[in-house]
2 protein chains.
Amino acid sequence: MSAENSKVGLPISPDDIYKAAKRIGPYVHRTPVLTSARLNEIFGAELFFKCENFQHIGAFKARGAHNAVFALNDADASKGVVAHSSGNHAAALCLAAVNRGISAKIVMPHNSARVKIDAVKRLGGEINFCEPSISAREAGVEDIMARTGAALVHPYNDAHVIAGQGTTALEFLEECPDLDALLAPIGGGGLLSGCAIIAKALKENIFVCGVEPLHANDAFRSWKSGTMQTNTNAETIADGLRGQLGDMALDIFLEKIDHVIEVSEEDIVQAMRLVWSELKIVIEPSSAVPVASLLKQRACISGDKIGIVVSGGNVDLDALPW
Amino acid sequence: MSAENSKVGLPISPDDIYKAAKRIGPYVHRTPVLTSARLNEIFGAELFFKCENFQHIGAFKARGAHNAVFALNDADASKGVVAHSSGNHAAALCLAAVNRGISAKIVMPHNSARVKIDAVKRLGGEINFCEPSISAREAGVEDIMARTGAALVHPYNDAHVIAGQGTTALEFLEECPDLDALLAPIGGGGLLSGCAIIAKALKENIFVCGVEPLHANDAFRSWKSGTMQTNTNAETIADGLRGQLGDMALDIFLEKIDHVIEVSEEDIVQAMRLVWSELKIVIEPSSAVPVASLLKQRACISGDKIGIVVSGGNVDLDALPW
């Protein structure tokens, strides 16, 4: 990993993302890009959906986790890896650990979605449940690190993880070089920050835009003010976006992204239903967040060819919001 | 359309399917083939899913309808087309008519799924509702033909429609030439019969197998006995498979298919849920029928590389069966 970005001193360079693509290539899917004439008609735009719901473990998180795990040296790797995660990163880290032949320990909030808990168990991860707060998660991880020497793979505030997530946009722009805009959801910010670095390197004038729930709008407020803001609670259906924005992501956002849009819970549900109905794919609520921005805030987005990162498809079919 | 199959005197030859592929190429999607490591693990087979749920109008029916509509001469086409359909064929015919610039009149049972009725209306089709019986549908169509001179495009008992549906298997085997088996659902039999003709022509020893609901098993009984059998009622969740097997399909089945499997309603629902959960795609109950055959009847299917035609994805999200 290079020490700095050639232009602005960021901790991740486009070259790190190319290296990540090479490192994780054998372990991740090159996911398809889907389109829908009907959705284009509804939204008055040409939409392209990069389907990370079809990725291993059902989410883009497989990319960052594999990059971090395969970047470890053998001595560090032998002690295993540890992370806290509301779910998709947990499953991703377990899969990467299985692929490298090492152990994974996961600190998870006890209210995580059942499908996400089951996925971790199936992949051989050792789960340590905690309260659903950042401080409880971090304390759980520190305890495991102290006891076992396991390497922390943070879900988003980690240069290798961010570089891995950035491979999503690298593939997307390789397949769709004409995109005018790139939209991704913001939770901890790893996906959008990795994507922004490579997208702006490949296409200087592409409009890179993050979207987040109004009810968990730490990223919007942080990006707007230039200083880190926190959520007091984060009551959104988009369970993957409840976490706190990372320091590394904020630094990258301030250099690389053009806009952040906040969306309502109602619009998230409507967008999720539209994607299920028209694109015929199963997406989790977090993935509906960028689509929701097109419902009432289309005018905020520059350009007619809009690329949307569909972040994941791990949803509880017994608890659909309609 | 050639008068006979080179080998057995069937009304559709492999060459008709190649011609159909060329004729409909500009109007239909070449749909992707998806796989899932997790589903392979669950079923103990290597599964390939040809995703016609991503086809225009959300179902394979776009293929047959376009082939029939674009095969009409200009004089016949100018009087428009007419069909009876529980839904997907109706939308497909409307789209094909729009693409050719002619009118489409549709006779539909009044209990058709709401999403399917809406699709026809949106595509400019003129709907004539009827009772949900074959005789009422056919009477409705005959009346329109007598009044307007419109050309009947039967949903499945039509050589051009069958040839069009066969392009599904043509693409599938071009992309996955190593398939040992090909599974498709049976309603009127147009999809499976078209697919069987081209699949056996491309690969003589491929195992071609139809699957249908036990509660609408006219095709199984017809194929087994060699004479046409009917359903007295057809109370299955697989709404696309309630129709009566066609004469042309039965003739083709008797020459070309290796097996028919009947599946329970319970297994259809379980299979549908598994595909939604693991493959992350929205499929309608009819499309879950072939997958259902793997749950308890895996031993009936020859080979380890199994191709499954996912016929469509038009499902009412407010009436899911779980």
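This is a predicted model: local features need pLDDT of at least 70, side-chain atom pairs count only at pLDDT 80 or more; totals for chains, interfaces and linings use all residues.
Next, helix H1, and I'll take chain A for the packing. H1 of chain A covers residues 14–24, and H3 of chain A covers residues 61–71. Their axes are 9 Å apart, at an angle of about 85°, so H1(A) and H3(A) are roughly perpendicular. Who's touching whom? On the H1(A) side you've got A:Ala20, A:Arg23 and A:Ile24, and on the H3(A) side A:Arg63, A:His66, A:Asn67, A:Phe70 and A:Ala71. Sorted by class, that contact has four nonpolar, two polar and two charged residues.

H1(A) also packs on H9(A), residues 190–202, with the axes coming within 9 Å and crossing at roughly 110°. Anything from 65 to 115 degrees counts as roughly perpendicular, so H1(A) and H9(A) get that label as well. A:Pro14, A:Ile17 and A:Tyr18 from H1(A) meet A:Gly194, A:Ile197, A:Ile198, A:Ala201 and A:Leu202 from H9(A). The class count for this one is seven nonpolar, one polar and no charged residues.

Hop over to chain B for the burial picture. In H1(B), the buried residues are B:Pro14, B:Asp16, B:Ile17, B:Ala20 and B:Ile24. Look down the helix axis and they fall within an arc of 150°, so they line one face of H1(B). The background here is that an α-helix has 3.6 residues a turn, so residues three or four places apart point the same way. And what's covering that face? The cover includes H3, H8 (159–175) and H9 of chain B.

Last stop, B:Val82, which sits in strand E3 of chain B, residues 81–84. Buried or exposed? B:Val82 has 0% relative accessibility, so it counts as buried. Skipping its neighbours within four places in sequence, B:Val82 has contacts that include B:Leu93, B:Lys105, B:Val141, B:Ile144 and B:Met145. The run B:Ala150, B:Ala151, B:Leu152 and B:Val153 is in contact with B:Val82 as well.

That's my tour, thanks!

Methods
Residues are numbered from 1 along each chain as its sequence is written. Chains are lettered from A and ligands numbered from 1 in the order in which they are written. Side-chain values use heavy atoms; hydrogens and water are left out. Axes are lines fitted to C-alpha atoms, for helices over the stretch in contact, and angles run from 0 to 180 degrees between N-to-C directions. Helices (H or I, at least four residues) and strands (E, at least two) are DSSP runs, numbered from the N terminus. Angles under 35 degrees count as roughly parallel, over 145 as roughly antiparallel, 65 to 115 as roughly perpendicular and the rest as oblique. Contact means heavy atoms within 4.5 Å. Ala, Val, Leu, Ile, Met, Phe, Trp, Tyr, Cys and Pro count as nonpolar, Asp, Glu, Lys and Arg as charged, and the others, Gly among them, as polar. Buried means under 20% relative accessible area, exposed over 50%, partly exposed in between (1.4 Å probe, protein chains only). The arc is that of the directions from the helix axis to the C-beta atoms.
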